[in-house]
Amino acid sequence: MKAAPFAYVRPGTVDDALTELGRDGAKVIAGGQSLVPVLAMRLARPTTLVDINAIDELYVLDTDGDTLRVGACVRQRTIQRDAKGAAVPLLRLALPWVGHRELRSRGTVCGSLAHADPAAELPAVAACLDATLTIRNRDGERTVAASDFFTAAMTTATQPEELVTSVHFPHAKPHEGFGFAEIGRRHGDFALAGVAVRVGAGDPARPTARLTAFGISDRPIVRDVSTLVREAVAADGSRTPEAALRAALVDGAAALAEDVVDTGGDAHGSTAYRRQLIAALASREIARAYVRATASSTAEGPA
Ligand SMILES: Cc1cc2nc3c(=O)[nH]c(=O)nc-3n(C[C@H](O)[C@H](O)[C@H](O)COP(=O)(O)OP(=O)(O)OC[C@H]3O[C@@H](n4cnc5c(N)ncnc54)[C@H](O)[C@@H]3O)c2cc1C
């Protein structure tokens, strides 16, 4: 099938892009890795595609205070390759799981957030780190926390005439550790279930921990799991080896999975199966993140 007819514009400034987006039925195209298949299947019929790739200011990738600012045209692969990306280890852990290298060379970080697929990796990272998105419209600019940005499956706090211009991810702090893993049918597929984890272990006996589960609801689901980790650490003594800590987390992770998984079953897996996946991934990745945090390591995951 081919896309329905549409007009195509390639403005050179954000202001011009916003003017174009003010027209009925206009839609942003960034990397096109999600939108083009949607057009080809005629699941969307925009009247005008507003290509933002000629807007220089949207390629910004820099340090802004203690955050990494990622402009709307920054490719996912750039974060993997540019030294600045290392300041946000959870992004680096998650990116190898996003499709394939060729997709990441075109696909943008902001495009993935704006697309808001509930099984996508980058929305889970943004939610776990409580990243902040900057959104512009013709009246001005506003910032939205990731926790308020994802409102339902493929739905965000943006309006059709608005543009996400950048996202700010907080830099990792000393004594923070991260974990990320998912299960999909094949590498490069969207996740059946996955977790992103951030642990702070300034005081190893009283860690703080936050977990995002994805692929299991209509949006990334965030939970503070500090109590769970503290109880597991206390059960086994601080400076716990990873395997022992993981074992101490099993019951708590099962309860967490019961709480967060609210998707119905589908052809790829039942609700019960997804709960098992979340329980197993959560206990493993929390234990890993804790060990990394206590070692002050920012070691990265799968290549
Ligand atoms: C075979 C295949 C496998 C894939 N596997 C994965 C996977 O495992 N994990 C995963 O997360 N994704 C996967 N994807 C999807 C894809 O990689 C990302 O979702 C994609 O990179 C989104 O970014 P983009 O720049 O290509 O966005 P586009 O396709 O250009 O846009 C996506 C949507 O976001 C909107 N949008 C884009 N940028 C903005 C902006 N700045 N402001 C407002 N709205 C905007 C567009 O209007 C559109 O609705 C896969 C895609 C394919 C084709």
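1. Basis. The model is predicted: local features need pLDDT of at least 70, side-chain atom pairs count only at pLDDT 80 or more, and totals for chains, interfaces and linings use all residues. Residues are numbered from 1 along each chain as its sequence is written, and side-chain values use heavy atoms, with hydrogens and water left out. Helices (H or I, at least four residues) and strands (E, at least two) are DSSP runs, numbered from the N terminus.

2. Helix α1. This helix spans residues 14-21, and its buried residues are V14, A17, L18, E20 and L21. Buried means under 20% relative accessible area, exposed over 50%, partly exposed in between (1.4 Å probe, protein chains only). Viewed down the axis of α1, the buried residues fall within an arc of 160 degrees, so they line one face of the helix. The arc is taken from the directions from the helix axis to the C-beta atoms.

3. Packing of α1. Its buried residues pack against β1 (7-9), β2 (26-29), β3 (48-51), β6 (132-137) and β10 (163-170). Contact means heavy atoms within 4.5 Å.

4. Strand β6. It is mostly covered, with 5 of its 6 residues buried. β6 runs antiparallel to β7 (residues 140-145), joined by 6 bridges. The two form a hairpin with 2 residues between them. N137 has G140 of β7 as its bridge partner. β6 also pairs with β10, again antiparallel, over 5 bridges. There, R136 is partnered with L163. Strands pair if DSSP finds at least two bridges between them.

5. Aromatic pairs. The structure holds 2. F149 and F150 form an edge-to-face pair, 5.1 Å centre to centre with 85 degrees between the planes. Rings of Phe, Tyr and Trp (its six-membered ring) pair if their centres lie within 6.5 Å; planes under 30 degrees apart are stacked, over 60 edge-to-face, the rest tilted. Both F149 and F150 are buried.

6. H171. Its place is the loop between β10 and β11 (176-183). H171 counts as buried because its relative accessibility is 17%. Beyond its neighbours within four places in sequence, H171 is in contact with residues including T63, D66, V88 and E176.

7. E285. This residue lies in α11 (residues 271-294). E285 is buried, with a relative accessible area of 1%. Its side chain makes a polar contact with the side chain of R288 at 3.0 Å. A polar contact is a pair of N or O atoms within 3.5 Å; within protein, one must be able to donate a hydrogen and the other to accept it, and residues adjacent in sequence count only if both atoms are side-chain atoms. Leaving aside neighbours within four places in sequence, E285 is in contact with G179, F180, A181, V195 and V197.
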